[in-house]
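Dear colleague,

Please find below the structure I promised to pass on. My notes on what was found in it follow directly after.

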Amino acid sequence: SIGAGGHFMADGQINGGAIRFVVDTGATTVALPASDAIRLRLDYKAGRRGVSQTAGGPTAIYFVRLDSVRVGGIEIQNVEAIVIEQGLDVPLLGNTFLNRMEMRRDGSTMTLTRRY
């Protein structure tokens with residue numbers, strides 16, 4: 001479905017926990033705000049730490065692997081993701097998930113089909 005700002009929204013799950021993504025073909029990876037990572041009980045601080053330049057300046061990020069990401073009937077195992085400590089308000093369904101999909105847009109509907 002299309003949310004505010006014309007972005008496609010997708011209800012899904014990470015490791016079985018409910019999440020609502022913004023579909024972002026411009027995002028390299030699935031990206032989660034720290035608040036969602038904590039709610040989903042991800043031990044993200046065990047991941048490799050990095051720094052990302054954001055509009056608000058540099059912020060800490062953590063590289064993690066998610067056991068599973070599900071959107072609709074499609075579930076992908078072992079998905080690379082980043083957790084961003086500050087400056088990200090919504091989870092982004094990025095290309096570590098989307099590059100395994102065939103995406104078709106028809107007006108206000110986007111259909112994802114698993115490629116491999």
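Helices (H or I, at least four residues) and strands (E, at least two) are taken here as DSSP runs, numbered from the N terminus. This is a predicted model, in which local features need pLDDT of at least 70 and side-chain atom pairs count only at pLDDT 80 or more, while totals for chains, interfaces and linings use all residues. Residues are numbered from 1 along each chain as its sequence is written, and side-chain values use heavy atoms, with hydrogens and water left out.

Leu93 belongs to strand β7 (residues 92–93), and it counts as buried because its relative accessibility is 0%, where buried means under 20% relative accessible area, exposed over 50% and partly exposed in between (1.4 Å probe, protein chains only). Beyond neighbours up to four places away in sequence, Leu93 touches Phe21, Val22, Val23, Asp24, Val30, Val69, Val71 and Leu98, contact meaning heavy atoms within 4.5 Å.

Leu93 is also, with Leu66 and Phe97, among the residues with the most contacts inside the largest nonpolar core, which has 29 residues; such a core is a set of buried Ala, Val, Leu, Ile, Met, Phe, Trp, Tyr and Cys residues joined through side-chain atoms within 4.5 Å. The largest share of this core, six residues, is supplied by β5. Apart from it lies another core of nine residues, including Val22, Ile84, Leu88 and Leu92.

Ser68 lies in strand β5 as well, and at 10% relative accessibility Ser68 counts as buried.

Best regards
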